[in-house]
Amino acid sequence: MSRVIRAAVFQTAWTGDKESMIQVHEQAARDAAAQGAQVLCFQELFYGPYFCQVQDKAFYEYAEQIPEGPIVQRFQALARELGIVLVLPMYEEEQPGVLYNTAAVIDADGSYLGKYRKHHIPQVEGFWEKFYFRPGNAGWPVFDTAVGKIGVYICYDRHFPEGWRALGLAGAEIVFNPSATSRGLSAYLWQLEQPAAAVANEYFVGAINRVGVEELGSNDFYGTSYFVDPEAQFVGEVASDKETELVVRDLDMAKLRAVRDRWQFYRDRRPEAYEPLTAP
């Protein structure tokens, strides 16, 4: 009998202040739950602007401890109330001066399951992330949630195939890729890389991007969030490239076994031959 997961992603524009941005996402969680969604992922650094367009230490104030900080605790209570799994892409302070681009994963009963720290940190014009984040150091965890096995890869990570594969080897069924990516830089890759990763690793991918131009820079975040299946087929329509949108889709997990039985990528891997790939 087929197992179907109703999953959601949410794209939106910066509201201008942290508290109203949190409230927008709380309402999105309520709307998703009202539509029957069982799991929801927000966009990268969801409660703030994409401050990496500039290099300003004032934005260190957006970082908080995970899970002890107030935002995680606030959304733990909401997840418990709604019975929904939440993926919260946040700015993490491990200790003063030790900061990460992180996603916290909250189960449907409100329990904190763990976090993923973004591994690959860009430093190019409009994306000055090395000013704000250390590279992730906690591997590629897969979270055993109420709805299934969930992985997270964050924005710039998606250009690197190794983490996608590590998540598949660890049993991920859905991998969320929360992002803040701009039209002039990456639009030609957006509907190529994640579908290719879904095919190569034989799982579903949920791709989330912001919308709008924020006051800190000229980056035009182009939305177009979507779910894609392991045959590179979009599940329903791709979201708007300009408007706030909640995307809710039914993901049929039976497709994972069908595709893996057809294409034996995991059987035919040759890890003993890959050692040169890990050389610096």
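The model is a prediction in which local features need pLDDT of at least 70 and side-chain atom pairs count only at pLDDT 80 or more, while totals for chains, interfaces and linings use all residues. Residues are numbered from 1 along each chain as its sequence is written, and side-chain values use heavy atoms, with hydrogens and water left out.

The mean pLDDT (the predictor's confidence in each residue, from 0 to 100) of the protein is 97, and 100% of its residues reach 70 or more.

The secondary structure comes to 5 helices and 15 strands, taken as DSSP runs numbered from the N terminus (helices: H or I, at least four residues; strands: E, at least two). The radius of gyration, taken over C-alpha atoms, is 18 Å, close to the 19 Å that the globule rule gives for 280 residues, so the protein is as compact as a globular protein of that length. That rule is 2.2 Å times the number of residues to the power 0.38. Along its principal axes the C-alpha trace spans about 50 × 45 × 35 Å. Of the 280 residues, 52% are buried, where buried means under 20% relative accessible area, exposed over 50%, and partly exposed in between (1.4 Å probe, protein chains only). Among contacts (heavy atoms within 4.5 Å) between residues at least 6 apart in sequence, 69% join residues at least 24 apart.

Gly163, Trp164, Leu167 and Gly168 are its buried residues. They cover an arc of only 145° around the axis, which puts them on the same side of H3; the arc is that of the directions from the helix axis to the C-beta atoms. The cover over these residues includes strands E8 (142-145), E9 (148-152), E10 (174-178) and E11 (204-208), along with helices H4 (183-201) and H5 (254-262). Just after H3, Gly171 takes a positive phi of about 100°.

In the loop between helix H1 (18-34) and strand E2 (39-41) sits Gln38, partly exposed at 29% relative accessibility. Leaving aside residues up to four places away in sequence, Gln38 touches Val4, Ile5, Arg6, Ile84, Val85 and Val147.

Turning to charged pairs, the count comes to 21 salt bridges, each a side-chain nitrogen of Lys or Arg within 4 Å of a carboxyl oxygen of Asp or Glu. One of them joins Arg3 and Glu173 (2.3 Å, N to O). Arg3 lies in the segment before strand E1 (4-11) and Glu173 in the loop between H3 and E10, so this pair ties together parts that are 170 residues apart in sequence. Arg3 is partly exposed at 37% relative accessibility, whereas Glu173 is buried at 15%. Glu19 and Arg74 also meet in a salt bridge (2.8 Å, N to O). With Glu19 in helix H1 and Arg74 in helix H2 (residues 70-82), the pair ties together parts that are 55 residues apart in sequence. Glu19 is partly exposed at 35%, and Arg74 is partly exposed at 29%. A further salt bridge links Arg210 and Glu214 (2.8 Å, N to O); Arg210 is buried at 0%, and Glu214 is buried at 5%. Finally, Glu92, Glu94, Lys115 and Arg117 are linked in a network of salt bridges.
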